[in-house]
Amino acid sequence: MIRSYFGIEQNPFPLDSLSLLSHQQEIYDILEVHSQQGGLCLLMGEPGTGKTVIKEAIKARAPKRLSVVSIARTLHTYTNTLKILCQAFNIDFMGTHFSCEKRLIDEAYNLKREGNRLIIIIDDAHLLEMQTLRRIRLLLEDFPQNHNLILVGQPALLQVMNLKINDDIKSRVTYSVVMKRLNPDDMATFILGQLDQAGLGHNTFTEDALTLIVRSADGILRRTRNLCLGSMLEAVRAQKKIIDIDLVNRVLIQPHWRNEYDFKQN
């Protein structure tokens with residue numbers, strides 16, 4: 001609907017091809033280095049701060065000699081993690097955990113002999129039980145050392161690792177980063193960059209509308225994307241090509257954008 005109305009060929013603010021901001025590119029480059037040397041990396045941040053953007057960039061930009069396995073459907077159990085790993089490597093998930101682990105290790109060495117590297121990404125890793133993570137770590141200890149395990153989650157992941165009982169895992173971390181909320185200038189740069197990518201003019205949002213979006217999103221990329229897309233849908237409904245502050249406010253009056261104070265007053 002947005003594409004046809006605004007006369008563009010590409011969806012604005014697409015999740016699968018968001019361009020990396022400067023700080024995201026720096027994190028991406030560091031993770032790439034660790035994938036060559038072997039590592040255990042923690043990519044953490046509040047929901048919506050851009051972790052998924054980096055994860056998708058790793059998957060989309062992977063060269064032929066790099067295999068990327070992304071695990072996001074595990075229900076955070078070791079059995080389901082093994083099953084998804086086997087599916088990713090085209091290995092039958094049959095028999096005991098031990099037999100599955102042996103086949104995975106053999107396949108990892110086959111990849112190394114062929115000159116391939118391996119990145120394993122586990123999303124929402126803060127929901128993992130430490131015992132499950134410990135079993136995954138022990139499995140990967142037998143993998144060739146040119147692989148990188150990236151745990152993507154909220155900062156609570158590091159809080160759990162800081163417990164003395166989890167020193168065996170924390171001591172193996174080679175890189176960790178907590179993604180911060182963006183400042184207003186970077187937020188505006190992100191929005192204008194996405195308009196450029198979609199083939200839309202910077203005047204698609206008025207200056208007041210852009211300022212309101214930046215202030216309301218409060219440094220969270222996901223909120224920014226949703227607010228921009230919601231405002232564009234309101235523009236389609238109102239048959240307007242320029243998104244002004246009134247259209248943005250039509251989105252902001254929706255209950256999920258209003259805080260607890262607003263509800264108490266009504």
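**Reading salt bridges, burial and cavities**

Me: Let's start with Asp167: which side chain does the side chain of Asp167 meet in a salt bridge?

Reply: The side chain of Lys164, with N and O 3.1 Å apart. The rule behind that call is a side-chain nitrogen of Lys or Arg within 4 Å of a carboxyl oxygen of Asp or Glu. Before we go on, this is a predicted model, so local features need pLDDT of at least 70 and side-chain atom pairs need 80 or more, while totals for chains, interfaces and linings use all residues. Residues are numbered from 1 along each chain as its sequence is written, and side-chain values use heavy atoms, leaving out hydrogens and water.

Me: Buried or exposed: how does Lys164 count?

Reply: Lys164 counts as exposed because its relative accessibility is 70%. The cut-offs are under 20% relative accessible area for buried and over 50% for exposed, with partly exposed in between (1.4 Å probe, protein chains only). Asp167 has a relative accessible area of 29%, so it lands in the partly exposed class.

Me: Which residues do salt bridges with shared partners join into one network?

Reply: Glu46, Arg181 and Asp218.

Me: And how many salt bridges does the rule give?

Reply: The count is 13. Have a look at the one between Asp168 and Arg134, where the closest N and O atoms are 2.8 Å apart. That pair ties together distant parts of the chain, 34 residues apart: Asp168 sits in helix H8 (residues 167–170) and Arg134 in helix H6 (residues 130–141). Helices here are DSSP runs (H or I, at least four residues), strands are E runs of at least two, and numbering goes from the N terminus.

Me: What about Arg137 and Asp168?

Reply: Their side chains also meet in a salt bridge, at 3.1 Å from N to O. Again distant parts of the chain are linked, with Arg137 in helix H6 and Asp168 in helix H8, 31 residues apart.

Me: Why do Arg134 and Arg137 get the classes they do?

Reply: Arg134 is at 16% relative accessibility, so it counts as buried. Arg137 is buried too, because its figure is 12%.

Me: How many cavities of 30 Å³ or more does the structure hold?

Reply: There are 2. A cavity is a set of points on a 1 Å grid where a 1.4 Å probe fits but cannot get out, and lining residues have an atom within 4 Å of a point. Volume is the space filled by probe spheres set on the points.

Me: Which residues line the largest cavity?

Reply: Tyr28, Leu31, Glu32, Ile58, Ala62, Leu66 and Ile119. The volume of the largest cavity is about 50 Å³. Helix H2 (residues 22–37) supplies the largest share of that lining, 3 residues.

Me: And how much space lies in the second largest cavity?

Reply: About 40 Å³. Its lining includes Ala108, Leu111, Lys112, Arg117, Phe143 and His147. Helix H5 (97–113) and strand E3 (117–122) each give at least two lining residues, and H5 gives the most, with 3.

Methods:
On a 1 Å grid over the protein atoms alone, a cavity is a set of points where a 1.4 Å probe fits but cannot get out, and a pocket is an open set with protein on both sides within 12 Å along at least five of seven lines; lining residues have an atom within 4 Å of a point.
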